[in-house]
Amino acid sequence: MRNLFNFIFRNGHWLVAILLVAFSFYLVFAHNSYQRSVYLTSANSVSGWFYSTTNNIASFFLLKKSNEQLLERNALLERRLHVFQELLDSLVAPDSVEVTAFAPDSIVTPQFDFIPAGVVNLSYSGVNNFITLNKGSSHGIKPDMGVISQQGVVGVVANVSPHFSVVIPVINPKFRLSARLRNSENYGSISWDGGNIRQAQLQDLPKHEAFHEGDTVVTSFSRIFPKNLIIGFVSDTGKSGDDNFNTFNVHLATNFYTLQDVLVIKDRLYDEQQTLEETLQQ
Amino acid sequence: MKISYLYEIVLFILLILLQVLLLNRISFFGIATPVLYLYFLLKLTMGRNFLYVIISGFLLGLAIDIFLNTPGMNAAATTIVAACRKPFMNLFFEKDEYDDFVPGIYTATGPFIRFTILMVSLHLTLLFFIESFTLFNLPATLLRIVSSSVISILLIFALDSFIFKRKRGEQV
């Protein structure tokens, strides 16, 4: 304390000088509107910069939440799209003679429902690839449900636990899916040869099938996926084991390196179709 | 000692009147204004108390501000210059010169000229930057500082030589 007083006494005249200068500047800002306006605008630009920077940083941490919200919203819209698509299909009359005596219920239950889920584990280094999702049977997921991403087909659910489910993706040699080129009716099957994970093979297409680079490959009839979901795009002709059939290399629409959020497809009519087909096999 | 205080008070009042009534109405080419009141700080005797110097400097600037209706600007610049007076003096004048020595163009020509140039240019730099307060029109501000400094320094030399010549004439 004594040192402090000594310091003040020894440098008291400098303290007076600083006080006088401070008082002068106070007068400058208090009584000159021009200087005050300049001071305030520069202070505002500094605080504005500060606020925009902190806001940018904060919004980065909220990205995850907004992403989930977007996905929920997307699932809702996809559901609606299917309702309207079915409605549209039912409006196209196959014949001009149509029975209008029976009107279907206006509240249409869509065949497909979409459950948003997040990827918690993903292996793509080996051959036996799989994806783990953070939703399971308690969220309504069952084995043999299709999984899609925002870009295209991902895979099929293989096993479920109450809170997790394991998906066999397109990039697994066990995966098979019937597919066709969008502009033709002939179908082949999609499989993966264990090489590049951005590329799968479309096999067993008839030889006469014309194709162009960039043609879209979509799902054909399948018990798991709705029709016309995008799988990928034809990149070039691949090796074929059979002279009567073509094989194409397909650039997959889904990027498994950056896969974060997926939608699980819930088919309401799956069980019905399954039991009906089983009666025939017996 | 008593006479030197009286002399300084008279100089104080005369310089304020001169600055306010005459010099601030002059503006060469619209940019250069002679600022002469700093002459008071230059002509204080060397051994003056630091507090005396800064308080008189502050009052001088404040008086100018009151007349020119620019509160605080001249006071701030002049107080800072008054606080710098002692270090600048140590820079140019011999330290063993006696305390009631008054710097002047005839008594210590070289040091006084350098001291004046430094003090006046610092003062006007501060003054014009406080007045413009931005770096927006920097070339114009610098032009004003340089031209006003040149005119003020020349005026101070002329005034100093004029006063002291007459004094010597009276003495002879």
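Predicted model: local features only at pLDDT ≥ 70, side-chain atom pairs only at ≥ 80, totals over all residues.

Residues are numbered from 1 along each chain as its sequence is written, and chains are lettered from A and ligands numbered from 1 in the order in which they are written.

Student: What percentage of the residues of chain A count as buried?
Tutor: A residue is buried if 20 or more other C-beta atoms, placed from the backbone, lie within 10 Å of its own. Among the 282 residues of chain A, the share that counts as buried is 24%.

Student: Which residue is the bridge partner of T132(A) in β5(A)?
Tutor: Strands here are DSSP runs of E with at least two residues, numbered from the N terminus, and two of them pair if DSSP finds at least two bridges between them. In chain A, β2 (residues 131-133) and β5 (residues 165-169) pair in the antiparallel sense over three bridges. In β5(A), T132(A) has as its bridge partner V166(A).

Student: Which element gives the most residues to the side of chain A that touches chain B?
Tutor: Counting residues as in contact if their C-beta atoms, placed from the backbone, lie within 7 Å, the contact takes 14 residues from chain A and 16 residues from chain B. On the chain A side, the elements that give two or more residues are α2 (12-31) and α3 (33-91). With eleven residues, the element that gives the most is α2(A).

Definitions and conventions
Contact = placed C-beta atoms within 7 Å. Helix = DSSP H or I, 4+ residues; strand = E, 2+ residues; numbered from the N terminus. Buried ≥ 20, exposed ≤ 12 C-beta atoms within 10 Å, placed from the backbone.
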